[in-house]
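Subject: A structure for you to look at

Hi there,

Here is the structure I promised to pass on to you. Have a look at it first, and then read on for what I found.

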Amino acid sequence: MFTYQSMKTPIGHLFIVEENKKLAHIFLNEKSFREFQIQHSLQNKKTALLTEAASQLEEYFLGKRRQFDLPLKMQGTPFQQKVWEALCTIPYGETRSYQEIAIQICHSKAVRAVGQANKANALPIIIPCHRVIGKNKRLTGYAGRQTDKKAFLLDLEKAYYHK
C-alpha cells in the first residue's frame with residue numbers, strides 16, 4: 001500500500017509517496033502523479049515519514065538543508081542504482097556531466113545509459129539528478145521533466161552555496 005502527501009513548493013506541487021515506511025517516489029507534476037495513481041492503490045494520509053520528508057524538502061527550498069536523511073526505496077537495475085549512488089556524491093551547489101558520472105561508475109562509454117538512469121530516478125531532489133548537466137555545461141532534460149525546474153534548483157543551490 002502506498003501513502004502520499006502533496007506539498008506546495010516554489011517549483012509547483014510535489015507529490016511525496018511512501019511505501020512500507022520508505023520514501024518511494026517524488027512526483028514533480030500532477031500529470032505524472034495521476035498516471036501513477038491510476039496504476040496503484042494510494043491513500044492520502046499524513047505519516048511520520050511523509051511529514052518528515054515534507055519538512056526536509058521545505059528546509060531545502062529555504063536554503064537550510066543540503067542533504068536529506070530519509071529512508072529510501074530505490075528500485076532499479078544494478079546499473080541504475082550505481083548511477084543514483086554516484087548522484088548522491090555530487091556536492092550541494094555543484095554539477096557533474098553525464099560523462100563524468102559514467103566515468104565515476106567505471107562505465108565511461110555509458111553516457112546515454114547514465115541519462116536514462118537519471119530519467120528513471122523516482123526520487124528527484126532527494127537523489128539530485130538536477131545536478132547532472134551536459135558536458136558542454138548546458139542544461140539537458142530533467143528526468144523527463146522541464147529544464148526550468150532543473151534551472152531553478154541549480155540556481156537555488158548556487159544562491160545558498162557559500163552561506
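This is a predicted model: local features need pLDDT of at least 70, side-chain atom pairs count only at pLDDT 80 or more; totals for chains, interfaces and linings use all residues.

Is K21 buried or exposed? Its relative accessibility is 68%, so K21 counts as exposed. K21 sits in the loop between strand 2 and strand 3. Its phi is near 65 degrees, which is a positive value in a residue other than glycine.

N20 lies in the loop between strand 2 and strand 3 as well. This residue is not a glycine either, yet its phi is positive, at about 50 degrees. With a relative accessible area of 59%, N20 is exposed.

Now follow the chain out of the loop and into the strands. Strand 2 and strand 3 run antiparallel, and five bridges join them. How many of the residues of strand 3 are buried? Five of its six are, which leaves the strand mostly covered.

On to another pairing of strand 2. Strand 1 (residues 2–9) and strand 2 (residues 12–19) are paired in the antiparallel sense, over eight bridges. Here you can look for M7, whose bridge partner in strand 2 is L14.

If you wonder what holds such pairs together, strands of a sheet pair through backbone hydrogen bonds, in either a parallel or an antiparallel way.

In what order do its four strands lie? The order is 3-2-1-4, in an open sheet with mixed pairing. At the edges are strand 3 (22–27) and strand 4 (42–44), each of which pairs on one side only. On average, neighbouring strands of this sheet are turned by 35 degrees against each other, direction ignored.

Finally, turn to helix 1, which covers residues 30–39 and packs on the sheet. This helix touches strand 1, strand 2, strand 3 and strand 4. Its direction makes about 30 degrees with that of strand 2.

Enjoy exploring it, and write back with any questions!

Best wishes

Definitions and conventions. Residues are numbered from 1 along each chain as its sequence is written. Side-chain values use heavy atoms; hydrogens and water are left out. Two strands pair if DSSP finds at least two bridges between them. Helices (H or I, at least four residues) and strands (E, at least two) are DSSP runs, numbered from the N terminus. Axes are lines fitted to C-alpha atoms, for helices over the stretch in contact, and angles run from 0 to 180 degrees between N-to-C directions. Contact means heavy atoms within 4.5 Å. Buried means under 20% relative accessible area, exposed over 50%, partly exposed in between (1.4 Å probe, protein chains only).
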